[in-house]
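This briefing covers a few local features of one protein chain.

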Amino acid sequence: MLPRLKSGQIERRVLGVILCAIALSTYLRLLPLRFLDGSVLDLDAIRFLRQAELISKGRLPEVDLMRSFPEGHPTDSELTLFPHLLSLSHRVLRMIRPNIRLYDIAIVYPVVAFAVSIIVLYCLAASLKDPA
């Protein structure tokens, strides 16, 4: 027979399991990065990295001439939040660590965003379960 646990003990255990799962998944996701040696594996990541570099140097052009050659692709028809967040993260983290590259942030950013979104999802589900 399992002992009965109080509500606070259950919540702490669930939170502990979630934090352990996030730590393990983050570790496993970042583990193969030492073998990449400066290469990006996804085409979207290359585009976002290039757009973030353009944003950090000035601003994103209205027409991206490196897409849909020779006319280019208008950038106002797509969401450019991710490249802007990469550029902003680069500016902020450069104050803390001046030699950080935008590439390093582009590689680690999805993992950090995943961990933060899991924590936000847990808090949302916990608030919906117990509105008091």
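A residue counts as buried under 20% relative accessible area, as exposed over 50%, and as partly exposed in between. The model is predicted. F82 has a relative accessible area of 26%, so F82 is partly exposed.

**Aromatic rings**
- The count of aromatic pairs comes to 2.
- F48 and F82 form an edge-to-face pair, with 4.9 Å from centre to centre and 70° between the planes.
- F48 belongs to helix α3 (residues 43-57) and F82 to helix α4, so the pair ties together parts that are 34 residues apart in sequence.
- With a relative accessible area of 18%, F48 is buried, whereas F82 is partly exposed.
- One aromatic cluster is formed by F48, F82 and Y109.

**H90 and its surroundings**
- H90 is placed in helix α4 (residues 81-96).
- Its relative accessible area is 9%, so H90 is buried.
- Apart from neighbours within four places in sequence, H90 is in contact with I100, R101, L102 and I105.
- The C-alpha atoms of H90 and A106 are separated by 9.0 Å, and the two residues are 16 residues apart along the chain.

**Nonpolar surface patch**
- L30, V108, V112, V116 and V120 form a nonpolar patch on the surface, and together they have about 360 Å² of accessible area.
- Helix α5 (residues 102-129) gives the largest share of this patch, 4 residues.
- V116 lies in helix α5 and is partly exposed, with a relative accessible area of 46%.

Key. Residues are numbered from 1 along each chain as its sequence is written. This is a predicted model: local features need pLDDT of at least 70, side-chain atom pairs count only at pLDDT 80 or more; totals for chains, interfaces and linings use all residues. Side-chain values use heavy atoms; hydrogens and water are left out. Patches are made of residues with over 30% relative accessible area and no salt bridge: like charges are joined within 9 Å, nonpolar side chains (Val, Leu, Ile, Met, Phe, Trp, Tyr) within 5 Å. Accessible areas come from the Shrake-Rupley method with a 1.4 Å probe; for residues, only the protein chains shown count as cover. A salt bridge is a side-chain nitrogen of Lys or Arg within 4 Å of a carboxyl oxygen of Asp or Glu. Helices (H or I, at least four residues) and strands (E, at least two) are DSSP runs, numbered from the N terminus. Buried means under 20% relative accessible area, exposed over 50%, partly exposed in between (1.4 Å probe, protein chains only). Contact means heavy atoms within 4.5 Å. Rings of Phe, Tyr and Trp (its six-membered ring) pair if their centres lie within 6.5 Å; planes under 30 degrees apart count as stacked, over 60 as edge-to-face and the rest as tilted.
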